[in-house]
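Let's take a friendly look at a structure together. Keep the sequence and the 3D view side by side as you read.

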Amino acid sequence: MERAQIDISGVSTWEDFHECFAQRFGFPDYYGRNMDAWIDCMEDYALGEDSLVLQIDGMQKLKDACPDVYEAICECSAFINYRSSESGGDRFLALSFSS
């Protein structure tokens, strides 16, 4: 199982969120900066050859500052796993949070 870490403690807007993930995970220039595009890019990154544990640092700060972004990360990550499962895949995206 692969691991990746991202620090989102500086995220306070949707724009910050998309920029942070695009920079950290090398999303393509045509990344649409919306959650549908985030799902597609994270799915490609996370479910490449193995499952991925995504360690998100600063999650409590994000939850307090932008609860809608926090909820979107959780819901969209679950959707990535659902889509993988529905297509017969055995890889998944696991989230791990730290303050």
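In what order do the three strands form an open sheet, and is the pairing parallel or antiparallel? The order is β1-β2-β3, and the pairing is parallel. Strands here are DSSP runs (E) of at least two residues, and helices are runs (H or I) of at least four, numbered from the N terminus. Two strands pair if DSSP finds at least two bridges between them.

This is a predicted model, in which local features need pLDDT of at least 70 and side-chain atom pairs count only at pLDDT 80 or more, while totals for chains, interfaces and linings use all residues. Residues are numbered from 1 along each chain as its sequence is written, and side-chain values use heavy atoms, leaving out hydrogens and water.

β1 (2–7) and β3 (93–98) are the edge strands; each has a single partner, so one side of each lacks a neighbour in the sheet. Strand β2 (residues 52–57) is joined to β3 by six bridges, and Q55 has S96 as its bridge partner in β3.

Now for the rings. The structure has ten aromatic pairs; rings of Phe, Tyr and Trp (its six-membered ring) pair if their centres lie within 6.5 Å, and planes under 30 degrees apart are stacked, over 60 edge-to-face, the rest tilted. F79 and Y82 make a tilted pair, 6.1 Å centre to centre with 35° between the planes. About one helical turn separates F79 and Y82, because they are three residues apart in helix α4 (residues 67–86).
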